[in-house]
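Open the structure in your viewer and keep the selection tool at hand. Each stop below says what to select and what is there.

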Amino acid sequence: MYIFLDIDGVLNGDQEYSRLRKSLRDAGLLSHKQSVLDLKPEHAREEHLLMLLSGEKISILNELIQKTGAEIILSSTWRNSDNLWGFEAETLLKKAGFQGKIAGKTGESLDSRGAEIARKIKSMALEDGDYIILDDDPTTKDARILTGSRNRWIRTATSKGLTPRHLSQALDLLAP
Ligand SMILES: [Mg+2]
């Protein structure tokens with residue numbers, strides 16, 4: 001059993017991004033016009049990325065993993081350390097309290113998140129019941145179209161991320 005996991009908009013929301021932005025501005029590392037993405041690589045610290053991993057949302061994910069035994073396939077842009085100023089998502093997730101296992105990640109970037117997930121589903125020959133997808137990216141719907149699968153996507157709200165409601169939905173989908 002696998003969970004295709006996005007991070008931005010799933011393990012964080014507006015609150016985490018605002019907090020990081022404020023902290024970087026207070027430290028003089030960003031101007032008021034700049035966004036988090038404008039941070040200079042030499043100023044990037046692990047603690048900055050950890051601020052984007054909500055302990056509360058990771059607890060929800062841990063509970064889902066504990067109840068289902070599912071392993072993670074990272075589909076987030078965080079899967080590539082080039083997007084994280086060289087830091088590794090797995091290390092960050094563990095430091096933030098993640099207790100599951102990362103079994104893999106989707107491959108190279110394609111036109112859409114959904115296409116990337118679809119390619120991985122096909123290469124692993126996954127059946128509908130073998131996985132769910134936690135993602136806020138609307139192109140995730142492509143995965144369903146491209147694989148002809150039933151809907152295995154639980155869409156989170158970009159501003160809010162993972163909530164207890166999504167946990168129940170995921171348990172319903174993953175229950176045998
Ligand atoms: Mg996202």
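The tour goes from a pair of helices to a nonpolar core, then to another helix and to some loops. Keep in mind that this is a predicted model.

**Stop 1: two helices**

Select helix α3, residues 55-68, together with helix α7, residues 164-174. Two packed helices are described by the angle between their axes and the distance between the axes. Here the axes of α3 and α7 come within 10 Å and cross at roughly 20°. Angles under 35 degrees count as roughly parallel, and α3 and α7 are therefore roughly parallel to each other. Their crossing is right-handed.

Now show the side chains at the contact. On α3, select I60, E63, L64, K67 and T68. On α7, select P164, L167, A170, L171 and L174. Colour these contact residues by type: 7 are nonpolar, 1 is polar and 2 are charged.

**Stop 2: the largest nonpolar core**

The largest nonpolar core has 38 residues. Begin with the members that touch the most other members: I3, F4, L5, Y131, I132, I133 and L134. Next, colour the elements that each supply at least two residues of this core: β1, α1 (14-26), α3, β2, α4 (89-95), α5, β4 and α7. Both helices of the first stop, α3 and α7, are in that list.

Which residues does I132 touch, not counting residues up to four places away in sequence? Select I132 and look for I3, R152, I154, A170, L173 and L174. A170 and L174 also belong to the α7 side of the contact with α3.

**Stop 3: helix α5 and its cover**

Select helix α5, residues 113-123. Its buried residues are R113, G114, E116, I117, A118, K120 and I121. What lies over them? The cover of the buried residues of α5 includes β1 (2-5), β2 (71-74), β4 (131-135) and α6 (141-147).

Go to T147, which lies in helix α6. T147 touches A118, I121 and K122, leaving out residues up to four places away in sequence. A118 and I121 are among the buried residues of α5. T147 itself is partly exposed, with 18 other C-beta atoms within 10 Å. For a distance check, pick the C-alpha atoms of T147 and E127: these residues are 20 apart along the chain, and the atoms are separated by 9.8 Å.

Then select A125, which follows α5 and lies in the loop between α5 and β4. Is A125 buried or exposed? A125 has 7 C-beta neighbours inside 10 Å, so A125 counts as exposed. Its phi is near 50°, a positive value in a residue other than glycine.

**Stop 4: the loop between β2 and α4**

Select W85, found in the loop between β2 and α4. Phi of W85 is near 55°, again a positive value in a residue other than glycine. W85 is partly exposed, with 16 other C-beta atoms within 10 Å.

E88 is also found in the loop between β2 and α4. E88 is partly exposed, with 14 other C-beta atoms within 10 Å. Pick the C-alpha atoms of E88 and A170: the residues are 82 apart along the chain, and the atoms are separated by 26 Å.

**Stop 5**

Select L37, in the loop between α1 and α2 (46-50). L37 is exposed, with 7 other C-beta atoms within 10 Å. How far apart are the C-alpha atoms of L37 and N83? They are separated by 9.8 Å, although 46 residues apart along the chain.

Finish at N151, in the loop between α6 and β5 (153-155). N151 is partly exposed, with 13 other C-beta atoms within 10 Å. N151 and L173 are 22 residues apart in sequence and 9.5 Å apart in space, C-alpha to C-alpha.

Notes: Residues are numbered from 1 along each chain as its sequence is written. This is a predicted model: local features need pLDDT of at least 70, side-chain atom pairs count only at pLDDT 80 or more; totals for chains, interfaces and linings use all residues. Axes are lines fitted to C-alpha atoms, for helices over the stretch in contact, and angles run from 0 to 180 degrees between N-to-C directions. Helices (H or I, at least four residues) and strands (E, at least two) are DSSP runs, numbered from the N terminus. Angles under 35 degrees count as roughly parallel, over 145 as roughly antiparallel, 65 to 115 as roughly perpendicular and the rest as oblique. A crossing is left-handed if the near helix is turned anticlockwise from the far one by less than a right angle, and right-handed if clockwise. Two residues are in contact if their C-beta atoms, placed from the backbone, lie within 7 Å. Ala, Val, Leu, Ile, Met, Phe, Trp, Tyr, Cys and Pro count as nonpolar, Asp, Glu, Lys and Arg as charged, and the others, Gly among them, as polar. A residue is buried if 20 or more other C-beta atoms lie within 10 Å of its own, exposed if 12 or fewer, and partly exposed in between; C-beta atoms are placed from the backbone. A nonpolar core is a set of buried Ala, Val, Leu, Ile, Met, Phe, Trp, Tyr and Cys residues joined through C-beta atoms within 7 Å.
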